[in-house]
Amino acid sequence: MYRSRIAWLAFASRWLASPVYGQEAQIGGGWNGWVDNQVNSTLCWWHSLRVATLKDIVYIDGGDQQFVAGLADGSISRPLSDDNPLGYIWTFNFSTPFDSSTNFSSILGTISKAPNGGAANNFAPNYHDGALLANDDEFFLYGGSLIMTSAYSAPDGDTVLGYVASQYGSERESFHPGFLNKQLPGSMTRYVTFGGAANAPSENKAWYFGGYRSPSWGPIYEYFNSSDDPSHVSNTLVTLDMSTQQSEIWTNVTLPPGTPSRANPSVVWVPVGEQGILVVLGGVTYPDYINSNRTSTNAAQSTKDSPGFMSKIDVYDIAGKKWYQQPTDSSPPQYAKGCAVLGVAQDQSSFNIYYYGGYNGLDENSDFNDNVWILSLPTFMWMQVSSGTPEHGRAGHQCVTPYPDQMITIGGRTSYKGDSLQCLDGDPPGFLQAYNLTSGEWMDSYDPKSWDEYGVPEMIHMMIGGSYNGGATLTAPAAGWATSGLGNVFATPYNTSKLTTYYPYSSVGPGNGTRGEAHSGGGGGTPGWVGAVLGVVLGLVFITAVVVGILLYRKRKLLGKKNGSEPSTDGNGRIKTWIQDLQSNGKAPTVTSDETHTQYGDLESRGVSPGNPEMRMVSPTEIQGTTLVELMDTSPRSELMGDMRDTRLNTTGFTPIADLGRSPFASNPQTPLSITTPFNHSFHTNTSSQDHASNISSSEGPAPPAYTQRPDSPPLGNAGPQFDSIASITSNANANAASTPTPNRKPVPSGVSGLSERELGHFRQISDATVSSDTGSREGPDTPPAHHTVFPPIDPSPPLPVSSPSVVGADGSQDATDYISVHGSPSGHPVSPQRLSVFKESEDDMGQHGGERR
């Protein structure tokens, strides 16, 4: 709507406005007042402004603002320049969301540069172009051109105005944020314009590159006369060192012959090398906006020079104070008055400079650029990542990055194409535009709560390799480095610990607690209905909180009563029941369960975390330096008890078969309580777990195969003399089993319980006698070979699955001949006839009452 309705008015304003802009009698709805019968005001465009970001706030200064006024009769006035007579600096907080319908002026704050808030006059006149040179705590207003006025004289050329927002370094008493004047060195002047600026807060430095100046080195007046036009090139690089607050250092160095100055390039600081580098791209020579005629003085030479500012990039190494130049691939055409920001891959493998907007600098009637280009470093390859429309194009704007993956453009103006000047695209005009750097798309709104880390766009990482997160495989220009020195700079990583970020930001909503719309008639501030609504909402929240608190209190009280009158039903209930039954009956109850226990199940039931250092798996020893080698641990076990009153039986670590099936601890916590659990046996010398006093288990299933070795268990055999005694006993036991007829009877308790105390001591390796070992070979097909147990050095191995043994035979009968046949084969193969059992006893071996021992 605004674009179509004021097109002819804008065109008229271009030619009818007074050449002395500050002397306009009426201002079309600007910051200084309204015209007669005005009911609203619209900011049409804002170009040649300068910005600086201090932590989470963007400061906006200067520039040419054009307003149009909506009148009471429905008409719209022609755009008129306000020229900021009150000396405002505007602020935008990154915590403030906006969308395409947001009133731009309603979300900005203001700071007046004028003493006591009055007219700024020559203390802080309004400058077009120039820069705000800044770190995270302060900035200085440098450069720019003035609008001629007879009301006051221009400021001195050797002074600059600074703004201190916060302290850094040494603390100073009675500090207050505000403006102050600074003196420049004798070799410098503030009167330079149309240059390119960059800030590096991590280095506390800022730079101003090139630009133009007047022939007299004095004040520059825009569109006034030739003697005050910025018609001469400024071949300088100005550096501001802010390392020490209140003792800033200004330096001015002439550019080398191979680094040409130009008008309105974009300068980007990139974290490469010891102190970073400056990358200068774009800009033109002999632009059409440096004189009052608004035509280029040498368009042909500009057309020859300016494309090279995109195809050959000038790079300045800050630490080495040296300039380099590197050719690029697939560069865009010449552009000036665009903006540029940086996106850094998460692994620092690529640095991608985004360039948006601008125009050729020679013809204000040509289409303005609405495309986004990326210069990817260190490959120095260009790629256009998004295309726009001429209607949305702009020039003279600025760009900032609130988050790593987002860019916000501020201000700008449109082309004069068709002899009609139009406001920026949008209704109202889109002074703030948000762009997603990762997806390469314009966004409808900016939300400070919605952001992400930067991702290398797909078009770029397909070109340079890697992915969104980085990992670029191309790390140098395709044609190689123009000079090896520049390659060495890129090979030097920047110390990223010096970088400071202030995001994420919490949304504060439109208004940001600042002024309302500019001269809206009704005044700014908070609407009157907000208080009533807020009171009702807070009241309801309070009442709800009280009701919820009462209900929770009553529920807790009822639960307390219930817990006090009913028995405990916590996860340890089964253990408590077993203990109580054991104390009253002397027997452990049988536990049946379908649950699959984890390896930490019993530890957790005791309230012990498996991760505690005191629960580490250690090698059990009875005498220091002597490793237990029997069946895990031979000390009396309370968990596999058949009869706690029988101390002789318990000293062996065995449990009677009948009681073993009823013990709740007869299963491995890793194994489901199932009678089909496969049988395995091995020795573990690296664990003291109380859940594995016996590794013998049973299942209903086919008979076990001949001995099968687990990959993580040692083979049976004599691996060392320290285990010969056990191997001998095992061999003798097998020999006796082979020579003794096997009666058809039910299993009886282990014959080991019938051994003497001396022999039992030998099992623990504390005996003072030596048990002879019969290692001779036995003949006959029914004689099993001698097996010797081989123990490797302490080698952690998980305990084998164990489940409750059963007296039911492998075929379902009750007449099993031994432990192994009772268990069955895990693989389903028949048992080798040469090895039916490791332990096989008879009632005669057990003694007269051996079979009655329970």
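Which residue takes a positive phi in the hairpin of β21 and β22? Lys 321 does, with a phi near 50°, and the hairpin has four residues between its strands. The model is predicted, so local features need pLDDT of at least 70 and side-chain atom pairs count only at pLDDT 80 or more, while totals for chains, interfaces and linings use all residues. Residues are numbered from 1 along each chain as its sequence is written, and side-chain values use heavy atoms, with hydrogens and water left out. Helices (H or I, at least four residues) and strands (E, at least two) are DSSP runs, numbered from the N terminus.

- Strands count as paired if DSSP finds at least two bridges between them.
- Strand β20 (residues 277-281) is joined to β21 by four bridges and runs antiparallel to it.
- Ile 277 has Asp 317 of β21 opposite it.
- Six bridges link β21 and β22, again in the antiparallel sense.
- Strand β21 (residues 312-317) is largely enclosed by the rest of the structure, because five of its six residues are buried.
- Buried means under 20% relative accessible area, exposed means over 50%, and partly exposed is in between (1.4 Å probe, protein chains only).

**Gln 325**

- Gln 325 belongs to strand β22 (residues 322-327) and is partly exposed, at 33% relative accessibility.
- The bridge partner of Asp 314 in β22 is Gln 325.
- The side chains of Gln 325 and Asp 314 also make a polar contact at 3.0 Å.
- A polar contact is a pair of N or O atoms within 3.5 Å; within protein, one must be able to donate a hydrogen and the other to accept it, and residues adjacent in sequence count only if both atoms are side-chain atoms.
- Apart from neighbours within four places in sequence, Gln 325 is in contact (heavy atoms within 4.5 Å) with Gly 258, Lys 312, Ile 313, Asp 314 and Ala 482.
- Between the C-alpha atoms of Gln 325 and Thr 483 the separation is 8.2 Å, although these residues are 158 residues apart along the chain.

**Salt bridges**

- There are eight salt bridges, each defined as a side-chain nitrogen of Lys or Arg within 4 Å of a carboxyl oxygen of Asp or Glu.
- Asp 61 and Arg 50 form one of them, with an N to O distance of 2.8 Å.
- Asp 61 lies in strand β3 (residues 57-61) and Arg 50 in strand β2 (residues 50-54), so this pair ties together parts eleven residues apart in sequence.
- Asp 61 also bridges to Lys 113, where the closest N and O atoms are 2.6 Å apart.
- Lys 113 is in the loop between β8 (109-112) and β9 (131-134), so its pairing with Asp 61 ties together parts 52 residues apart in sequence.
- Asp 61 and Arg 50 are both buried; the relative accessible area is 0% for Asp 61 and 3% for Lys 113, which is buried too.
- Glu 248 and Lys 182 form a salt bridge with their closest N and O atoms 3.4 Å apart.
- Glu 248 lies in the loop between β17 (236-241) and β18 (249-254) and Lys 182 in strand β12 (residues 178-183), so the pair ties together parts 66 residues apart in sequence.
- Both Glu 248 and Lys 182 are buried.
- Shared partners join the salt bridges of Arg 50, Asp 61 and Lys 113 into one network.
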